[in-house]
Amino acid sequence: MSKSNASESAANSTFPEIASALRAAQRIVIVSHVRPDGDAFGSQLALALSLRQLGKDVAVWNEDGLLDKYSFIPGGELLHVPTADAAPFDLGVALDTAGQNRLGLAGELARAPKWINIDHHPTNPRYGDLVFIDPTAPATGQILFELISSEDLPMDAKIAENLFVAISTDTGSFQYPNTTARTFEIGAELVKCGVDVGRVSQLLYESYPLRRAELLRELLGTMRIEANGNVAAFSLSLAVVERLRVKAEDNEGLIDHLRAIEGVVVAVFFEELIEGKVRVSMRSKSETADVSDICQRFGGGGHKLAAGARIRGSLAEVEERVLKAISDVVNCNS
Ligand code: 5GP
Ligand code: MN
């Protein structure tokens with residue numbers, strides 16, 4: 001993607017406008033964010049499989065390729081790392097990506113004259129030409145379900161499974177407060193389309209490598225509790241990543257162990273990166289402790305209850321700055 005059409009207007013494009021742009025294009029590239037999660041992959045592949053049934057040539061790009069833990073999702077073989085020599089596409093679609101920079105190489109290498117941006121992050125700056133941002137949707141997959149069903153785009157069991165993966169992972173398996181009655185209605189529709197909930201949930205939540213449990217043991221060894229028990233943190237150094245041969249995907253969800261502690265309002269996970277930066281992941285249990293606001297101050301973003309940022313500095317420096325900012329917010333509210 002080469003340009004940003006960020007506009008001040010918060011008016012969304014309509015589903016008919018988005019569907020007609022999809023129907024008019026032949027060569028379409030679908031991209032999503034670096035450090036992808038279930039909503040990124042599930043949304044990308046659901047839309048790709050639907051558009052392929054319309055006879056479109058669809059490229060599905062993610063800088064990180066398909067992670068092992070998602071290797072079971074239908075259509076996974078369509079997902080590729082971006083290539084520099086691809087001919088320009090007619091249309092680009094960015095899904096679940098709060099900012100253009102979070103598209104990484106996929107955003108840099110995909111060339112298209114027109115871009116659709118569909119997302120549920122409230123901090124999305126509305127880049128692209130046709131923009132649909134719904135911060136009330138718990139997952140981009142839920143927006144896609146509404147688009148596919150209202151615009152009569154193809155749906156089948158494989159597409160449904162991808163949408164289920166997207167929605168299940170971004171709602172913490174239908175548990176987070178962003179889960180609405182509509183989310184369950186859509187869940188029911190997806191099951192009717194052929195999703196095997198037990199099988200998919202086991203593959204998503206009860207099939208992790210031993211390495212991940214070893215990582216959790218290591219992280220809990222660094223756990224500290226701050227701000228009178230309101231804040232819990234743990235950290236991952238590059239030395240531990242090397243020793244345990246940790247993969248980026250092993251981290252997903254481990255922060256929930258901190259948030260689950262009684263009395264903890266904000267959980268934070270610090271991860272040292274090779275490029276002299278630290279990835280910070282935050283979770284909040286209270287709307288009054290808005291972690292997206294805290295992360296935005298450090299150049300990141302996300303949702304009120306789940307946000308992140310990449311911050312330049314050593315692990316120790318970033319920990320100190322961020323914990324101070326969180327403690328100020330939590331103390332202010334208590
Ligand atoms: P996670 O902690 O799972 O990586 O991310 C939680 C939420 O924060 C996600 O919705 C994600 O999109 C957002 N987020 C994480 N890291 C960043 C970042 O560096 N920049 C922005 N803008 N959002 C982020
Ligand atoms: Mn999402």
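Visitor: Is F174 buried or exposed?
Guide: F174 counts as buried, at 17% relative accessibility. Buried means under 20% relative accessible area, exposed means over 50%, and partly exposed lies in between, with a 1.4 Å probe and protein chains only. Please note that this is a predicted model, in which local features need pLDDT of at least 70, side-chain atom pairs count only at pLDDT 80 or more, and totals for chains, interfaces and linings use all residues. Residues are numbered from 1 along each chain as its sequence is written, chains are lettered from A and ligands numbered from 1 in the order in which they are written, and side-chain values use heavy atoms, with hydrogens and water left out.

Visitor: Where does F174 lie?
Guide: F174 lies in the loop between α5 and α6 (181-192). Helices (H or I, at least four residues) and strands (E, at least two) are DSSP runs, numbered from the N terminus. The phi of F174 is near 65°, a positive value in a residue other than glycine.

Visitor: On to the metal. Which residues coordinate the manganese ion?
Guide: The manganese ion, ligand 2, is coordinated by D39 (OD), D96 (OD), H120 (NE2) and D170 (OD), at 2.1 to 2.3 Å. Donors are N, O and S atoms within 2.8 Å of the metal (3.2 Å for Na, K and Ca); water is not among the atoms, so sites may look incomplete.

Visitor: How are those donor residues spaced in sequence?
Guide: The spacing is D-x56-D-x23-H-x49-D. D39 lies in helix α2 (residues 38-53) and D170 in helix α5 (residues 157-170), so this pair ties together parts that are 131 residues apart in sequence.

Visitor: And D39, buried or exposed?
Guide: D39 counts as buried, at 0% relative accessibility. D170 is buried as well, with a relative accessible area of 17%.

Visitor: What about D96: where is its place?
Guide: D96 is in the loop between β4 (91-95) and α3 (105-109). With a relative accessible area of 2%, D96 is buried. D96 also has a positive phi, about 60°, although it is not a glycine.

Visitor: Now ligand 1. How many residues surround it?
Guide: Ligand 1 is surrounded by 14 residues, and the closest are H121, R279, S281, R283 and A307. A residue is near a molecule or strand if one of its heavy atoms lies within 4 Å of it. The shell residues divide into 3 nonpolar, 7 polar and 4 charged. Here Ala, Val, Leu, Ile, Met, Phe, Trp, Tyr, Cys and Pro count as nonpolar, Asp, Glu, Lys and Arg as charged, and the others, Gly among them, as polar.

Visitor: Which element gives the most to that shell around ligand 1?
Guide: β12 gives the most, with 5 residues.

Visitor: What lies 2.8 Å from an oxygen atom of ligand 1?
Guide: A polar side-chain atom of H121 lies at that distance from a ligand 1 oxygen, and a polar side-chain atom of R279 is likewise 2.8 Å from an oxygen atom of ligand 1.

Visitor: One more topic: how many disulfides does the structure hold?
Guide: The structure holds 0 disulfides, a disulfide being a pair of cysteine sulfur atoms within 2.5 Å. C193 is partly exposed, with a relative accessible area of 30%, whereas C295 is buried, at 1%.

Visitor: Last, how many residues of helix α4 are buried?
Guide: In helix α4 (residues 140-150), 8 of its 11 residues are buried. Among them are T140, I143 and L147. Just after α4, D152 takes a positive phi of about 60°.

Note on methods
A polar contact is a pair of N or O atoms within 3.5 Å; within protein, one must be able to donate a hydrogen and the other to accept it, and residues adjacent in sequence count only if both atoms are side-chain atoms.
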